[in-house]
Every structure is written in C-alpha cells, then in structure tokens.
Amino acid sequence: MSLLQGSLSLRRFLVLGPVPTEDDLQEGLRQDAFRPFEDGLEEERLGWCDWRNLLILPPDKDWVTQERFAIFGLRLDTRKVPTALLKAQVELKLQSLQKDKDLAFVGREARISLADEVKAELLLKVLPTPKISEVAWDLKGGMLWTTASSTKTQSALIGLFIKSFGCELQPLAPLLLAGRLLPRVSVEALMALDPFDLTLETA
Amino acid sequence: MKPMELMEQGRFLGEEFLLWLWMRGLSEGGTSGLENDQSACFLDDAVTLSNEQGDCKALSLAKGNPAESREAFEALSRGFRPAKAKMRLLSGDMEWTFTLGAAGLEISTLKLPPTQSKDNQGRVADRLFLLEEGMAHLERRFEAFLTIRTGNPDELQEALRAWLRQGLDGLVGVAGGDADDLPWQG
C-alpha cells in the first residue's frame, strides 16, 4: 500500500489553519522527525519520516514538495517485551536478590522497581515494529490524504500535525463534505435532515 | 461538534449516497445525470448492509451479482442500509475500483488506472492526479445527490422506495439493454 504502487486505503481530512511557508513546513518536519528509542520504558514513539524510506530522518526536503502537495510519512514504532519473558526474568532476579541479601520477603515497591529495571534492560534487546502511514497534504486545496486507517494512527496524526504545523485536521465525513459542496445550504438545514424511511410494508 | 459525533450524525447521508449510486448504476447506466459528464459509477461485486435493529446487524453479500440480488433488496426493504460497497468508476478508458464506506466516505483497496511514468517522482505525480480525478468524479456525484436530497427529499425517497419495490419484483437491471447506447461507452 503506497503512493508509489499498488492499491491504496485512504482517509481524507480538511486542514483548518494558515498554510505554513516552505521554511515553516520543513521546520515542523525537522522538529518532530521520528527519533529512535533510547533507554527507558517507552513502548511507543512517533514522528515524521521520508515517505520513500522510513530511515530517512528528517524527511528529505527535495522530496517533500511535489507540485502543490507536501508528501511525507508518519512513523509509529512500538516495542514490547513478551509478558511471559518479563515475568520469568523478574522471578529469577527476585530469587537472586533474596538469596544475595538473605531476605525472606521483597516488598511491593521494590518488586515494581525491579520489574521496571528488568523491563528497561529487555526493551533494549527488542526490535521495534514500525508502522508507516503516508501523508499527502494539498497545500493549496486545504485537504490532506493519508493511508492511516486505524483510529489510533489517525489520532496520532491529528495530534502531531497540530503540534508541528499549528493546523487542525477534521475528518471529511459526509456532513462536513456536504457543507463544503453546498455552501448555499445552511449548516442548520443539513443538520436538520432526517434519514429516509425505506422500509416497505410488504417486506 | 467532535469529529466522531460529526461522522455519526452524517452517517445516514453516506448510506443514502451509496444507495443512490447503486440505484443509478442499475437504472441510469451509472451516469451522474450531470451535463457533459461521460463517467459512470456502479456497485461492483460486494456490499455490506447493516441494521441497528433486529437479530442480525450486518449482512455481507459478495461474488456473483449482489447489486441485483433478491437478498439485497429484501434486506434493504427491511431497514438494512449499505455500510460499505465495492464500486467501479469508469471515465473514458480509465477505471477506478474501490470500497466506499458510508460513515466517513472512506476509500479502501483503491486501484488506480495504470500510470506511464517510470521514475518515482513522475509516478507519484501521476497517481496523485489519478486519485484526485477519481475522487472528483465521486464528489460531483455526491454534490448531485445532495442537491436532490436537500431540494426535493420526498421525491428522492419515493424514487428509492419505488426502486426497492422493483428490486423485490426482480425488475431491476442495467438500463437500456443495449450497453453500446450508454453515454460512458467509448
């Protein structure tokens, strides 16, 4: 699934807010470019990447602007330690701690702290799973296409987009599109429409 | 209004638009009814119907010819509404196929007409053009539907009900009989 080849699944958003200058656009992409995981317990990271290759960070500016579109990728990485492995490692560490310090019991807080320590160690060994969603922003038309299909990825896109570019994204659902296509019909009139009753008595 | 509320409130418009496309595909050769528009849009070989009431909430019809099937018309006449449908859009020698969702007019598994460019930059430019071209055809249809829906809702409701009755009686099919007469045929 890609803008380059194959079939596409797309969502369309209306972009609300001033169109950034070329410099502001590049600055937003640079400032919130994807940054790989480091130490710590973080299990999820997101940021902008190049639409052609998720390892090109920040997006290559020569490839972002394509005629009136700005094209880039949203990279969302997740990493997770398998629960069974974490539990087993914590258990061994606890046993070792009790033996070394001759403890009959380890308190709750110490257990949590140990579990976090083990988890942080294991997270460094886990390869993240990247997910890339492409974004094509029609800067002149105020419209944005994205291959982000899950609600979670769309929410991440909406949040990061406003942070990077100061523009709000509104899903272009039927009512919103109707308002754009039929400006002569008031919003109140559109909102007051009732669904048709198509049930047939003979059915 | 929050985006999800906006989507939920307008869902019926998406459902009725799908139904209108379905009806025009069978009774008007898939044309939009707009002047100088030679394109056509049809419901292809898959549709999912949904219903808030009743024991069965969703019904998927695929393969064969669900658009003209008695199962589809029976479900529609009992209150089921199209939730998503596979569509075919034709204009000149170009063809787009995609699944259109009613709730957010979302597009999935979109196949664009082939492109000629060999390099990445050219391919992306071509594919964005083709994407916009296809969506413009769809948007023009949505506008035509909305114009009737807001201007003369009773007439449209009656037309849809009459079409459902015809469907139950097995009287629906591609209009004209002679496919060569259809305006979108080369």
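Q: In the hairpin of β4(B) and β5(B), which residue takes a positive phi?
A: In this predicted model, Leu105(B) takes a positive phi near 50 degrees, in a hairpin that has five residues between its strands. Leu105(B) is a residue other than glycine, and it lies in the loop between β4 and β5 of chain B. Helices (H or I, at least four residues) and strands (E, at least two) are DSSP runs, numbered from the N terminus.

Q: And how many bridges join β4(B) to β5(B)?
A: Three bridges join β4(B), residues 94-101, to β5(B), and these strands run antiparallel; two strands pair if DSSP finds at least two bridges between them. Within this pairing, Thr97(B) stands opposite Lys111(B).

Q: Before we go on, how are things numbered, and what was left out?
A: Residues are numbered from 1 along each chain as its sequence is written, while chains are lettered from A and ligands numbered from 1 in the order in which they are written. Side-chain values use heavy atoms, without hydrogens and water, and since this is a predicted model, local features need pLDDT of at least 70 and side-chain atom pairs count only at pLDDT 80 or more, whereas totals for chains, interfaces and linings use all residues.

Q: What is the mean pLDDT of chain B?
A: The mean for chain B is 89, and 91% of its residues reach 70 or more, where pLDDT is the predictor's confidence in each residue, from 0 to 100. For the complex, the predictor gives an ipTM of 0.85 and a pTM of 0.86.

Q: Now the interface: how many residues of each chain are in contact?
A: There are 46 residues of chain A in contact (heavy atoms within 4.5 Å) with 52 residues of chain B.

Q: Which strand of chain B is joined to β1(A)?
A: That is β5(B), residues 107-111, which is joined to β1(A) by two bridges and runs antiparallel to it. Leu10(A) stands opposite Ile107(B) there.

Q: How many salt bridges cross the interface?
A: The rule finds two between chain A and chain B, a salt bridge being a side-chain nitrogen of Lys or Arg within 4 Å of a carboxyl oxygen of Asp or Glu. The side chains of Arg12(A) and Glu139(B) meet in a salt bridge at 2.7 Å, N to O.

Q: Then which elements of chain A give two or more residues to that side?
A: Among them are β1 (8-16), β4 (69-78) and β5 (129-138) of chain A, but the largest share, six residues, comes from α6(A).

Q: Last topic: which peptide bond is cis?
A: The bond from Leu57(A) to Pro58(A) is cis, with omega near -10 degrees, and Pro58(A) is found in the loop between β2 (44-49) and α2 of chain A.
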